[in-house]
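Reader: I am new to this structure and would like to know what the terms used for it rest on. Please set each value beside its definition.

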Amino acid sequence: MTKRIVELIFKHFRLAYILFSLLFAFSQLIHAEINDNNNGLVQFSDTVYQIPDFDLKKAERMYYGLISLSEEAPACADCHYMNYIDTINWNPSTYEIALKYYKGDAKILLDVINTPRGKILNEVHAGYEISEEQAVLLQAYIDKRYDSGEPQKKPVINNLILFILVNIIGFAATIDLLFTRKIKFKIVHLILIIGAAIFITRTMVIESIKIGRQQDYAPTQPIKFSHKIHAGDNKIDCQYCHHTAETSKSAGIPSSNVCLNCHILIVEGTKSGKFEINKITEAQLNNDPIEWVKVHNLPDHVFFSHAQHVGAGKLDCAECHGVVESMDLLRQENDLSMGWCLDCHRTRKVDFKNNEYYALFEKYHDKIKVGEIDSVMIEDIGGTDCMKCHY
Amino acid sequence: MNKYWKSKEEKQTETRVPGSQANRDKEDSSLEMLFSDSIISSGATRRDFLKLFGFSIASAAIAASCEQPVRKAIPYLIKPEEITPGKANYYASSYYDGNDYCSVLVKVRDGRPIKIEGNKLSSVTGGGTNARVQASVLSLYDESRYKSPTINGEIVSWEEADKEIINRLNIISDSGKEIILLSNTVISPSTKAAIDLFLKKYQTAKHIQYDAISASGILEANKATFSKEVVPSYFFDNAEIIVSFGADFLGTWLSPVEFTKQYAQTRSLTEGQKRISKHIQFETNLSLTGSNADERIPIKPSEEKTILANLYNNIAPAFGAKTFKSPECNYNTEVITRELIRHHAKALVISGSNDVQVQIIVNAINELLGSYGSTIDLDNPLQHKKGNDTDMHNFIESLENGNIGGVIFYGTNPVYDYPKSEIIEENLKNCDLLVSVSTEKNETSEACIINCPDSHYLESWNDFEIKPGKYSLCQPAIRSIFNTRQAQDSLLKWSGEKKEYIDFIKANWQKNIYPESRASDFFTFWNNSLHDGIFELKSINKSVVTSVPVNILESAFNFFEKSSDNIEIVLYEKMSIGSGKNANNPWLQEMPDPVTTAVWDNYICISPRQAKEKNLKTGDLAIINNRITIPVLIQPGQAYGTIAVALGYGRKSSGKVAEGVGQNIVSFYQMRNGVRFAYDTISSLEKAGTGYQIAKTQLHHSMEGRAIIREATIEEYLKNNNAGNEIHKEIEKHHRSLYKEHEFSGHHWGMTIDLNKCTGCSACVVACMSENNIPVVGKNEVLRAHEMHWIRIDRYYKGNEENPQTVRQPVMCQHCDDAPCENVCPVAATNHSNEGINQMAYNRCIGTRYCNNNCPYKVRRFNWFDYTKADAIENNTVDPAGMTLDLKRMVLNPDVTVRAKGVIEKCSFCVQRIQEKKLTAKLENRQLNDGDIETACQQACPAEAIVFGDMNDPESKVSKHLKDPRNYHLLEELHTLPSVGYLTRISNRKKET
Amino acid sequence: MYVSPVRELLIKGDKNYKKVTNDITKPIVNKPGKLWFLGVSVTSLAAIIGLFAMFITVRDGIGMWGVNKTVGWGWSITNLVWWIGIGHAGTFISAILLLFRQKWRTSINRSAEAMTIFAVMCAGIFPLIHMGRLPLGYFILPYPSTRQLWVNFNSPLLWDVFAISTYFLVSLLFWYMGLLPDIATLRDNVKNKILKPVYKFLSFGWTGSVRHWSRHESMSLILAGLAAPLVLSVHSIVSFDFATSIIPGWHTTIFPPYFVSGAIFSGFAMVLTLMIVARKTMNLTEYITVGHIESMNKIIITTGSIVGIAYITELFMAWYSGVIYERFTFYNRALGPYAWAYWIMMTCNVISPQLLWIRKLRRSILFTFILSIFINIGMWFERFVIVVTSLHRDYLPSSWQMYKPTLTEIAIFAGSLGIFFTLFLLFIRFFPVIAIAEVKSILKSSGEKQVNITQNLLENE
Amino acid sequence: MNKNKYLKAYYDDDGLLIKGLKSLKKEGVEILDVLTPFPVHDIDKILGYRRSWIARVGFIGGAVGAVIGFGFQVWVFTVDYPLNIGGKPFLAVPSFIPVTFEMTVLCAAFAMVFAFLIRSKIGPGAEPFIHDERSTDDRFLILVGVGKNATEETVSELKNKISNTGAQGIVLKDDVELSKNY
C-alpha cells in the first residue's frame, strides 16, 4: 500500500512540479497587477496624479524632514510619530492620519495643513504653506503608510538572552567543577553556580508569577483619552462616566453618547485639537462602537463586583485603580493578584454602623458595644472565604 | 477556566432592545459575529496553557515573552435604559409548546436569556415549572433550527417566500381545493383572531387542531354527557381522595405543573395541617404519579373500563342511580367505593384514557360523587388539548382522497407523531403547497416545500388564555437569533394584514380584554400586564351539571373488551421528552427518568415476572410484532401481561441530539374510529438479541434496610409526630465531639426538603443544570457513571417486586458542617465558609477525587473529560450533545465558572444567588429577608418541597422546618452535621402488617 | 572465632576477598548477555506503552479510566499502595535487620534497597497521574505564592506527599551511602574508558580510609535507626488515606499495622521473586543460598500470618461493631460482585504462605518462587479489594456502581512494571547486586571455607 | 631528604592487619591512614579515634526539622490563613503529627549525610587519591609517616618493623600527593 503511494507520487512528481510552478507564476502575475492598479494614484480635486516610486521616496524624505516642506515648518515626523510608542503623544500618529485620510482627496490634506480650522491646529500649523505637489506627495506617502499596516510593538528579547546565558554559565561552571577542572579555585565555581542558581530561580519565579498578570499594562487606546484631563484637570467624577460602578458588577465603559454629553459642546481638546474628539462623532455617525482595550483584566474564575466594593464597601476608586487622575494613558497600577486582594480583605474594616445589613452580626455588635473590639475586619465576617470570589 | 462574558461590554456590540427596528441590520450582523469562531475562540491562550504547567515551563514563558491577549471592551453606542451591564433583567413571559403551558420569568443577562423561572403571580402555575419549561431556554440556542425561510431547501428572503405562498394559496383557493392549517391547540386569543383573518381571506381554508398527545376522549365524553366539548379544570387541592386511572397527572397529564402544585398542598403537613389526601392509582406502567400514590394497582389497560364500570355500579346505589350490566373484574372495588362515598364532594376520579366510553363512566362517577363544582370545573375549562382525533382522522382521509391542495403545518409534526405517518408523508406529495411553520427542525418540515421558520417563544410576542379569563403574555427576551419570523406574523402577512403581530395583539387586547379590567387607561393596563406577564379575571365556578343522560351511560356500558392472555403494549410519555417535540434538547435527554432513571433512550418496560417467562433481561433486545426492535428494561411495578414503551424517541430529522436516539413507537397506537388509543394488544414479543446497554443513573434499587428515606403512615404520624423518625432524637443524643464546633456568626445557610411534597418530577434537576452550567455528557458517559448532575433524585423500591412502593429523595451536596470531603483535600480546595457553605474552589482543585470518595452522599462530580472546552489542551473535548457550540454556550450563566477538565464540582447552594441578594440588601441598606434568596432547585419546584434560608434566623421557614419533628438528616449517624434536612414521608396507607 | 553450629553458613564455596570482588563485579565488567538485552527490550517496551497511556490520560482526562462517580479511585491507587508495599522490603532489610544484627541481610540488602527505590518511584507515578490536573500538581507543595494559600495539613493525601517523598529520599541516601565503597571497588576494577570516570565521579572520592569507615558505620547505624520508624510510618500514613476516611471498609484503626505487615510481606515476596531469578542468571547461588531464602520465607510466614489475622480481625470487628454499613461492606466483599477478588486475596495471602511451615517447602526454591508470585498477586488484590469494594457500595445504595478497568489503566500498570524491571535490569548491569564490602566483612565468620578452616583448627587443637 | 615521605604497607588479611597495627602502634610508629576494602572493626579503637559526632548532628537536624515542620503548620492554620476544614479546630494537633514526623526524619537524615560527606571531604566530584587499586578489593593498606628528618636508616628500620608484622610489601612514597587528600 505505502509502496504504491510512493510510486504514485514519484510518477506524477513532474506534473505536480509543473502545475505548482505555473500556479506560483500566475499568482505572482496577479499580485503584480494589483500592485500596478492601486499604487501611486493620488487624486487632487479633479486631477489624478500617478506617483512613481522615485517620488514616493521623495515623499518619505519630505515627511521625515530631509527635504524641507517650507522654510519654517519642522518635519512632519517630529510631531506625528511613526512607530509604536507606549507613552501618550497628543498629535495623531502617522498611522492615525493615514486611517483618516487614506485614499482621500489631497486637496483636503492641503487645506488641513495650510488653512487649518481648529484652534490648536491653527497654532501648530501656523505659517505652513505647502504646494499642491507637496500635498499630493504627502497623500501618496500617507497611503503607503496605511498599506504597510499598524506599527507593532517589537518584542523584547534581552531577558531571554540573559536567561539562556546565565543557564549556560551555571552549567559550564558545574561541569568544570566536577569534571574538567580548568579553573583552579573552587570558590569561583561556587560563586558562579550559586549566582546562576539564584538568578535562574528568581527569574523563573518572577516570570511564573507574571504569567497572566498585567501590572503596569498600559495599552494604547483607539482614542487618546486622558484620565488626567478629564478626572484630574476637569474634576469629573469617576462615576459620571462609569456610572454603573455602584450598582452593577461592572463599572461600565461609557457609551459614546455619554461622551457626547459634553463633547457636543467641547469639540476641540486643549492638546489634541479636534482630531481625537472627532473620532467620537464619527463613531456615532457611522454607528460603530468604539473598541476600547480593557486594561484591568481578572482571570475568568474570579468574580469581582464593583457594586460590592464601590456601592456597599464605599471604596474609593483610587484604592484599586491608583491615581487615575494623574494618568494620561491609563495604566494598571496594582497586580490584581489574589494576595493583593486578600491583603485588603484582611486589613479593612466593615462599615458596621451605617449599613443595616450587618445588623445580623449581633455578636460583633455586642462586642463593639462592650468595647471588646472597636471594629470588624472583612476577614471576620468571611472575607477570606473561597466562595466570596470563586464560584 | 472560561466564563462567558462577564459583562456586556466584553462582548456586546449592539443594543438589543426587543422589537426595535432601527438596529436591525446591525444586529443581525452582530449576532452572526457572535457565533462565528473569531470572537468566541478566545478559548485558552498559549499563555494560559503555560500557566497551567506552572514552574516547569516558566522558562519557556520568558522565552515567549508574550503579551497577554488584548481583551476589548466595547461599550454600547447608545446604552438602552433598562440594561445594566453585569446585571440580570427578568421579563415575564409564557411558555406554551402546544402541550404544556407555564407562566414564566425569563432571566436575561446582557441581552441573552439564560434561565427560565416560574412566575409566582400566575394563579394557574403559581411559580412552578417542570423540566421541559426549564429546558426550553436551551432550545432557543438549538443550532439545528432553521435559520431562514427556504423553498425546496434553498434559502430565500421572507418577501420571496411570502410571494410564493400567497400566490399558491390564491391558486388553490381559486381551484376550490382545501387549504388546511394544521396546528396544535391554539390557546392564544390573538392568534385565533389572526387565524380567523387567514380563514376569511382564503375561502377554502380550514383550521384543524391536532395534539400529538390528545385528550380527545375527555372532550367527546364531556360533549356527550354535559354538551360541553371541553377539558375541564381540576382542583386536586380540594380533593380528599383521588382515584386516577392511568392519568399521570403529576408528570404528563394535561397540566402537570398546576396539578403538582395542588397535589402537594394536599400532601403538606408543615403548616399545621393534620390531614393528607388519599391517592389511589390504577395504571399499567409505573408512572411518576403512580409511584407517588398511596395505593397503586397495576392493571392491564383493557381492564380499566371493567374496573370503572364496577366502581360505578358500586357507587351508584348509594346515590340512587341506575346500575348497568358489566363483567366481573379481578379487582375488588369495595374499599375504594366506601372511601369515595365517604369523601363525596371531596373526591376526584380521573382517567387518562382516550376512550369516550371510559370517560363517560368517569364523568358519571364524578357527577354522582358531586365532584363538579368542587374538584372539577367545567365552566372554566383548560383551553389546551382541544384537538379532536376525529378531525385529524378526517383530514387524513381527505388528504388520501386528494381533496386537499395545501397544508400549512404550524408547530405540528404529524409525519413523526401521527400513527399513520407513512400515509401522510406519501399523500402530502400530492399537495401543491406544503408550508411548515415550525420553531425546530422536524420530520414534517423536512417533508414540506416551503419552510417559514417560526421564532422561538423567547423571541416572540404572544398572548395566551389557558383558562377563561386567565390571560398571560409572552414577550421577546431576545431579538430573533436567526432570520425567523413568528408564525402569527406570517399568518397576518398571508392574510394581507399590514399590522405587525404585536400591534395586532395590542389592538385585540384593547378591544376585548382591556374593557374587563379596571385600569385607568390602556397604556397602563398593557404595561402592567406585560410587567406581570399575566392578567387574570376572577373566575366563578358554577359547574352545575345535570346528571349524565342514562342512555349515554348505558351506551358506554355496551362494549367491554374481552380479557385475553395477549400481551398489551402501552405507549406513555416520559417526563422529559413527552411527545418528542423537545427531543432535541440535551438537558431533557440527559435528565434521568424519575421512574427508571434511564437517560437517552426508550425501551420496553416489562414486569419481572413477564420477563422471566419470556426469558428476557435488562439489556436484551426484543422485537414487537416482528416490526420494531427495542431494548428491554425490567421495570418493577409494570402490570403483568403488559409492556410499556415511551413515545417521543426515534426522531429521524430533528438535529444531532435526538436523531438516532431510541425508537419511534407511534405506529402502535390503536385506532378506533379515528381516535388514538395509547395501548394495543400485540401479537408477539420475542427476544432478538442481547448486550444492549441502557444508561441508567441508578443501578441499585433497594435501601438495604437503611434509614435513608424515613417513612410513616398518617395514622402513625397523628399519634406521634416523629413517627418513622424516632431514631433522629436518639442519634442527636449521641452527637458529641472532642472539638468545639465552629461558630457561624452571620448567616448559616440551610435547606429542607419535604419528602411528602416532592413528587420527583425532576424540574429541579434541569433547573440546576441551567443555573449552574452543568455539562451534558451523553449516553456513553452516563453508562460509565460519569453524569454530572449536582442534584439527583434517588429512587428506591420497597416490597413486592411486581408492585413495589416507590420512594424518592432529591440529593445534592448536604453542606455538612463536619464535612468529610474537606478534611481530605490536599490543597484545601474545598473548605467551609463563614456562612456554613461547603465551598469548592474549582481553580484550586487538582482533581485527586479523594473528596468524592470520602463523601458518604456521593454528590461530588468530577470532570472526567473536557466536557466544556474550558481545558487548555486542545482537541480533547467530549461533547456529544454539542453543548460547546458557540451558539449553545450563549445559555451559560456568566455568574458561574465553567469548569475545566479534571476538577471536582458540586452543588454550591447557588452561592451566586446568595451573593447577589446579599449585595442587593447591602446596597439597599436593609437586612436580608427570609425568602429573598431562592436556589434554582427551590425556584423550579412546582410542589414547593424545597425550602432554603438562614438557619441562624429562628424565624426563617427553614429553621421552623428543621425543628419539625419530621426533620432528619441523611446519614446523620455519621455526625457530618448536614445543612440539608429532610422531612419524613407520610403516606396515607394502612400500616403494613 | 566462635560460630554457632546451628546457624547455616551464609557464603558457600571456596571464597576469598578477591573472589568475592570478582564474582560480584563480573556482570558489570563483562559484556551483557543476550538474555539481558532481551529482558531490557521487553521491559522498556512495556514502559513506553505505559508512558504513552499516561500521556493519553493527562491529555484527555481521567475519563480514560474506568473510575466513576462512585469509585473515584481504581487501579491507580491500588497500584500506588501495592508498589509502596513492595518498596518496604529494602529499607526493612537494611535498616531493621541491621539493627537486629542479622548477617544474612548482607547478601540481599543492596538489591532489595534498589528495588525499594524503584518501587517507590513506580508508586510515585500513580498519585501524580491520578490527579485530574497534573500540570497544576505543584499546588500540593506548601510554597509561598502570591495567592497566599498553603495546603491542607489535615489531608492524609498531603501526609502521603511528605511520607513518600521523605521515604524515597532517605532510602535513596541510605542506599547510596551504602553503595559508595562498592562503587569505589568498581572504579578500581572496571577497565571501560567511559564507565571508569563515571564510577570515579559517583564514588565521591571514596578510598576506604579507616576514618571514613568509622564515620560511615556510625552514620549507617543511625540512619538505620531513623529509617526503621520511617518504614513503619510510610505505610501507616498510606493506610491513613483509608483509615481516616469515613467509608465503611476504610474507616478502620487496624489499618496501620495491617498495612505495614502486608507491605513487608509483599516486599519480601518481590525480593524473592527477583533474587531467585538473579542468583541463577548471575551465578550468585553461593552468595544467595537456600539459607537466605529460608530466612526470608520465615519473615514471609510471620508477616503473612499477621496479615491473615488482620483480615479475620476486620471481619470480626465488622460484625462486632454492629454498624450496618460495616457489616454490609464485609459481607459484600466476601459474597458480593467482587467476591472473586476477595477470595483470590484470601487464598494467596492467608492460605498459601501457611505451607511454609513445612521445612521442605521453605527450602524449595521452585516452590518459593511460585509462592512469591502468588503473594505478589494476592497483595495486589488486597489493595484492589480495599479500594474498590469499599467504594463501590458505600452508604447510599442509589450511588452504587461497578468498576471495570480500561485498557489505559491496564497499560499504565503494565508500564509501571516495565519501568520497574527496566530500572532493575539497568541496576544489575551497572551496580553490584550484592553489597561487596559487607559480604567481605562477614566472610570470615560466615564463609564456608573460612569457617571450616577455623573449625578444623579448633578441632585439631 | 627534606621532603615528607611515607611508607605504604600491604597486607592481604584483616587479621594480620590488626595484629600489625597493634604492634606498630605499640612501637609508636606514626600511622597516617589505614585503607581497607571493608570496615574492619576495632581499627579505630586501636588508632584511638574519637567517636564520631555525626549522631549529634543528626539529632540537631531532626530537632530543627520537627520544630520547623510543626511550627509551620501551626502558623499556617492559626495565623496566616485559618480555614474551617471539616469542622476541625484551626489548631488540630493530631493532624500535624505525620508531617512533623516526616520532617524530623528527613532533616535528620540529610543533616547527617551532609555532615558525613563534608567531614570526610568526599562528595560529588571529589578526587580520590588512589594508593592502590586493590585497596578496595582485597588489599589492606597501612600508610606510615616517615617524618621530615628521616634518614635512610630510619626508613629501613621502619620497613623492617613493618615487614615483621607480616606485610606483603612496602613502598616509599613522597608525601606531596598524600597531603592533597588530608
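Reader: What makes residues of chain A count as buried, and what percentage of them are buried?

Author: A residue is buried if 20 or more other C-beta atoms, placed from the backbone, lie within 10 Å of its own, exposed if 12 or fewer, and partly exposed in between. In chain A, 26% of the 391 residues are buried. This is a predicted model, in which local features need pLDDT of at least 70 and side-chain atom pairs count only at pLDDT 80 or more, while totals for chains, interfaces and linings use all residues. Residues are numbered from 1 along each chain as its sequence is written, chains are lettered from A, and ligands are numbered from 1 in the order in which they are written.

Reader: What makes two strands a pair, and how many bridges join β10 and β13 of chain B?

Author: Strands (DSSP runs of E, at least two residues, numbered from the N terminus) pair if DSSP finds at least two bridges between them. Strand β10 (residues 241–245) and β13 of chain B have 5 bridges, so they count as a pair, in the parallel sense. Within this pairing, B:Ile242 stands opposite B:Leu348 of β13.

Reader: Which strand order does the open sheet in chain B have, and why do β12 and β13 stand at the edges?

Author: The order of its 4 strands is β12-β11-β10-β13. In chain B, β12 (295–298) and β13 (347–351) each have a single partner strand, so one side of each is left without a neighbour in the sheet.

Reader: How confident is the predictor in chain D?

Author: On the pLDDT scale, the predictor's confidence in each residue from 0 to 100, chain D has a mean of 81, with 91% of its residues at 70 or more. For the complex, the predictor gives an ipTM of 0.85 and a pTM of 0.87.
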